[in-house]
Amino acid sequence: MQTAIRDAKSVWQECLKIIREYVPDQSFKTWFEPIVPARLSGNTLTIQVPSEFFYEWLEENYVHVLRRAIDHAIGRQGMLEYAVIVDKGDDKKPPMGYTVPNQRPAPQNAPAPQKKANAEPEQLRNPFELPDLDGLELTSYLNPIYTFENYVEGDFNRLARSAGHAVATKPGVTSFNPLLIYGGVGLGKTHLAQAIGNQIKASDAGKFVLFVSTEKFMNQFVMAVRNNSIQNFTNFYLQIDVLILDDVQFLAGKERTQETFFHIFNHLHQTGKQIIMTSDRPPKDLQGLQDRLLSRFKWGLSADLQMPDLESRIAIIMKKLHGDGVDIDYEVIEYLAHSIDTNVRELEGVVVSLIAQATLLRREIDMNLARQVLRNIVQDSEREVTIETIMETICQHYKTTLQDMKGKSRKKELVFPRQVAMYFAKEYTDLSLKSIGYHFGGRDHSTVIHAIQTISELKEHNKDVKAQLLELQKNFGKRN
Ligand code: ADP
Ligand code: MG
């Protein structure tokens, strides 16, 4: 037994070597690090994966890499089996495992792997007497502008978007039930949740889809308590086919609302209805939510939205401009994408103001206008320190010009201020090294790293430089 475990381990280590070569770091961390080699019997390696979705994702996206890895570690006759931990969130029943062999050798367009029959939710009869729905006008409270078509896809949202798409195609049937979409403000949670709802409505108008903010849900509940009509409130929610609850973090600390939601959740889930939730933080950080509710969230999938990467930011700006029928220089688009790295909402806000300003002032949208708009917007918001203000401050202090900052000259009296400005840009903004380099005349990210290192070292060892930096720092205030 002991040796078998060790063998599985070392075989899997061999596999990982190959996998690492093909899979980007972030994906490797997400999809391969959580895998535990379970056993090796004969030519078959069994790996344990955390969920059914995990297994489906691997099979869909990495089957060829896995095949290569197995070829390398075991040989052509090698087989791979998955052990899936099924956590039903029930304290009394521990997670169970079941195995799913994959196809060998992996054929092109392999048929979808068979799920175990008992993975589907059991159909239960709804114990409530429900009023007849026919003839009732049911409003979804969906905003038709939020669609998949105008939801830009990128590395930053791929998982959430594909899960959302799967749910929209087969609500209540996939293993992504509930689907919890989480991520910081303005990253597209509400848009995605609404897009799912809109697509479901578009393909089946008869489905009762309801989008409700958690705040509204809580207010309705409070009213129901006041009017002695909790039963009606609950009954209403039990008729829903697809429930979208936005910003579920607001349920924190609201014990009675949570209790009622818990019952609604259970009934909807048991009857194969789809539940979609959004949250501004991952489930593990949802303090103030009852454990039994949180454990329900684990039944499905939690998918996060990250900050959009540079390419995605460019795509989002272009989409927005295109939607408004505006055409501007790529140079300006690139400048905006390099300057705004907070969230999609802010990115959109800047594009909207830019268009508005251009219309009001009857001006072309060019770099100057873009700079001006960006400066105004950033001054209005809480984050005062921008790369522009940093560069301007440094220029004033060292009596040089923005042009020199961006220029090619390597004269010592220019290189130093430039490096100081890069150092502060890293300290005081969230811009990536690549974007910082962009603002300094398109310099490479390694040049930025070098600058930061040089200044950090000088700060340690050179009293004069340290004093200068402290003096300059006063202009920028405390970091965040
Ligand atoms: P959240 O709910 O996460 O705070 P929203 O869904 O309200 O964010 O998104 C903020 C704005 O950004 C909305 O106008 C939305 O349409 C837009 N947006 C977000 N993500 C995307 C995306 N991937 N593609 C296009 N627009 C997006
Ligand atoms: Mg939102």
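Where is the place of P178? P178 sits in the loop between helix 5 (158-169) and strand 5 (179-182). Helices (H or I, at least four residues) and strands (E, at least two) are DSSP runs, numbered from the N terminus. The model is predicted: local features need pLDDT of at least 70, side-chain atom pairs count only at pLDDT 80 or more, and totals for chains, interfaces and linings use all residues. Residues are numbered from 1 along each chain as its sequence is written, chains are lettered from A and ligands numbered from 1 in the order in which they are written, and side-chain values use heavy atoms, with hydrogens and water left out.

Backbone geometry is taken up here. The peptide bond from N177 to P178 is cis, with omega near 5°. Two residues other than glycine carry a positive phi: Y141, near 55°, and R362, near 50°. Most residues other than glycine have a negative phi, and most peptide bonds are trans. Y141 belongs to the loop between strand 4 (96-101) and helix 5. R362 belongs to the loop between helix 13 (344-361) and helix 14 (367-380). Y141 is partly exposed, at 48%. R362 is exposed, at 77%.

Aromatic contacts come next. The structure holds 17 aromatic pairs. Rings of Phe, Tyr and Trp (its six-membered ring) pair if their centres lie within 6.5 Å; planes under 30 degrees apart count as stacked, over 60 as edge-to-face and the rest as tilted. The ring centres of F32 and Y62 are 5.1 Å apart and their planes stand at 70°, so this pair is edge-to-face. The pair links distant parts of the chain, 30 residues apart. F32 lies in the loop between helix 2 (25-31) and strand 1 (36-41), and Y62 in the loop between helix 3 (52-61) and helix 4 (63-73). F32 is buried, at 1% relative accessible area. Y62 is also buried, at 11%.

F217 and Y237 form another edge-to-face pair, 5.0 Å centre to centre with 80° between the planes. F217 is in helix 7 (residues 214-226) and Y237 in helix 8 (residues 230-238), so the pair ties together parts 20 residues apart in sequence. F217 is buried at 0% relative accessibility, and Y237 is buried at 1%. Both residues belong to a cluster linked by ring pairs, which also includes F208, F221, F233, F236, F261, F265, F297 and W299.

Charges also sit over rings (NZ of Lys or CZ of Arg within 6 Å of the ring centre and within 35 degrees of the ring normal). R292 lies over the face of F262, at 3.9 Å from the ring centre. R371 lies over the face of Y335, at 5.4 Å.

Strand 7 (residues 242-246) is largely enclosed by the rest of the structure, because 5 of its 5 residues are buried. Both of its faces are covered. V242, I244 and D246 are buried on one side, L243 and L245 on the other. In a regular strand the side chains alternate between the two faces of the sheet. Strands pair if DSSP finds at least two bridges between them. Strand 7 pairs in the parallel sense with strand 6 (residues 209-213) over 5 bridges and with strand 8 (residues 274-279) over 4 bridges. L243 is the bridge partner of L210 and stands opposite I275 in strand 8. From strand 7 the chain crosses through helix 9 (residues 255-270) to strand 8 in a right-handed β-α-β crossover. Right-handed means that, with the strands pointing away from the viewer, the path from the first strand over the helix to the second runs clockwise.

Technical notes. Buried < 20%, exposed > 50% of the residue type's maximum accessible area, 1.4 Å probe, protein only.
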